[in-house]
Amino acid sequence: MSNATAGFIFVCRKIRAASIISLLVVGGCHSAPAQTINLNQANLIETMETVSDWQWKQFDANLNQFVGYDESAHMSPSSGDSHPQGWVYAAFYVGMARYARLAQESGNDEHLERLKRIAKRSGYLFAPRIYNADDYAIGQLYLDLYEKYQDPAMITPLQVIFDQILNSPPTVDLRFERVTQKSQFTGELMADYFDGRDFSYVPCKNRWCWADALFMGPPVWFHLANVTGDKRYRDFANQEFWETVDLLWDEEDHLFFRDTRFFDKREPNGEKVIWARGVGWVAAGLARILEQLPADYPERPRYEDIFKKLMARLAGAQQPDGFWRPSVLAPETQPYKETSGTALMAFAFASGINQGVLDKNTYMPVLLSAWQGLKSAIQPDGKLGWVQQIAASPESVDEDDSQIYAVGAFLLTGTELYRLLEEDKAREQAHD
């Protein structure tokens, strides 16, 4: 693996009054023309507001869900993925809640108040499968609101569910298998069915047996441990996290397989099938976990070590336009821009730099190149395009494809970039 920093020229000029970063990025691990990026807090807010405004225009407050959206997003209303407390919505709310807090600091309460109404209308509840991380990922929204408003009702259902899991922890095998069984009466494939939606049955998803789960599940457990002071939640999450890492981490390439079905699969170029959004979920999940881990937590060095290894490897796979392709190790097989995986990785770089875990001089060029790429995927009306649809492996992408989980990741990235600029401004003022 080549050094992730080779080929970068990084020049940073900070202008305190405008909170501007101007930098020249040359090359990277792939040849690319030099580009100068001027970034300031005002542009970041404007860009994030444009994207979030477009997304909220698709929302029906009476139904508490996005409408006029399923067809263009290739998501069926009868699919479990469309559940308004499921993972698709949860991933959006994770980013939206972080941006809402930032917007409020600037005097805009609209987003935070909207999220508060949505959560209350949802009863602070979840999608139906209590053991499945996809279905309790929305607990992050309730935790964020609880920290703001200190209303115990916001996290009581989350505690009830997690206590039930602790009282009867899952022991299913982590190998991925989708159970298919035909009804003896109708001859049709059977599936779990809740609220007019079909949920496929994958027993190992009662634990964190797929890469996406490391974004959906453990950050919620670690955060709940912090707000309640109950270390049982942290102990459980730590144990389950490393069980999953031991299974899906590829020590040779310092990347994560999506699940056990991909261990022996190979791309036409002979490389392993490493899905950008899948490994992006892990990178962003690790960044969020590190935000919640106490500095003196004994296991923290292990989390930092694997995070650093993963991010160094991802930096070396970034493409000249700032994106990661759907297949990380075989970009030529699906040679498309892809915003969801790219935004998740960009957030991880930004958060890692902000936390002091990743070196700023090494990774800021990677982050800003990714941000420029993401901005290029925003359509004039604010719609974020080039989003690979719901899947489990690399697939084709079109410029008009969109999904709310990508918007959430985009807002996570933009908010962390804003914080980086804020820190630069504070350091500059301290030197006066």
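1. In this predicted model, helix α5 (residues 139–149) is largely enclosed by the rest of the structure, because eight of its eleven residues are buried. The buried positions are Gly-139, Gln-140, Leu-141, Tyr-142, Leu-143, Asp-144, Leu-145 and Tyr-146.

2. The surroundings of α5 are helical elements from several parts of the chain. Its buried residues pack against α2 (87–105), α3 (110–121), α4 (133–136), α6 (156–167), α8 (218–228) and α10 (276–292). After α5 comes Gln-150, which has a positive phi, near 55 degrees.

3. The burial of α3 is one-sided. His-111, Leu-112, Arg-114, Leu-115, Ile-118 and Ala-119 are buried. Viewed down the helix axis, these buried residues of α3 fall within an arc of 160 degrees, so they line one face of the helix. An α-helix has 3.6 residues a turn, so residues three or four places apart point the same way. On the other side of α3, Arg-117, Lys-120 and Arg-121 are exposed.

4. The cover over the buried residues of α3 includes α1 (41–56), β4 (59–60), α2 and α5. Just after α3, Gly-123 adopts a positive phi of about 70 degrees.

5. The largest pocket has a volume of about 520 Å³. Among the 29 residues that line this pocket, Asp-81, Arg-129, Asp-134, Ser-200 and Lys-205 lie nearest its centre. Two or more lining residues come from each of α4, β7 (197–199) and α10. Classed by side chain, the lining of the largest pocket comprises 13 nonpolar, five polar and eleven charged residues.

6. The second largest pocket has a volume of about 280 Å³. It is lined by 16 residues, and those closest to its centre are Arg-98, Arg-101, Asp-144, His-223 and Gln-292. Asp-144 is also one of the buried residues of α5. The lining of this second pocket has three nonpolar, four polar and nine charged residues.

7. Helix α5 also contributes to the second largest pocket: α2, α5, α8, α10 and α14 (404–430) each supply at least two residues of its lining. Helix α10 additionally gives two or more residues to the lining of the largest pocket.

Notes. Residues are numbered from 1 along each chain as its sequence is written. This is a predicted model: local features need pLDDT of at least 70, side-chain atom pairs count only at pLDDT 80 or more; totals for chains, interfaces and linings use all residues. Side-chain values use heavy atoms; hydrogens and water are left out. Buried means under 20% relative accessible area, exposed over 50%, partly exposed in between (1.4 Å probe, protein chains only). Helices (H or I, at least four residues) and strands (E, at least two) are DSSP runs, numbered from the N terminus. Contact means heavy atoms within 4.5 Å. On a 1 Å grid over the protein atoms alone, a cavity is a set of points where a 1.4 Å probe fits but cannot get out, and a pocket is an open set with protein on both sides within 12 Å along at least five of seven lines; lining residues have an atom within 4 Å of a point. Grid points are joined across faces, edges and corners, and a volume is the space filled by probe spheres set on the points. Ala, Val, Leu, Ile, Met, Phe, Trp, Tyr, Cys and Pro count as nonpolar, Asp, Glu, Lys and Arg as charged, and the others, Gly among them, as polar. The arc is that of the directions from the helix axis to the C-beta atoms.
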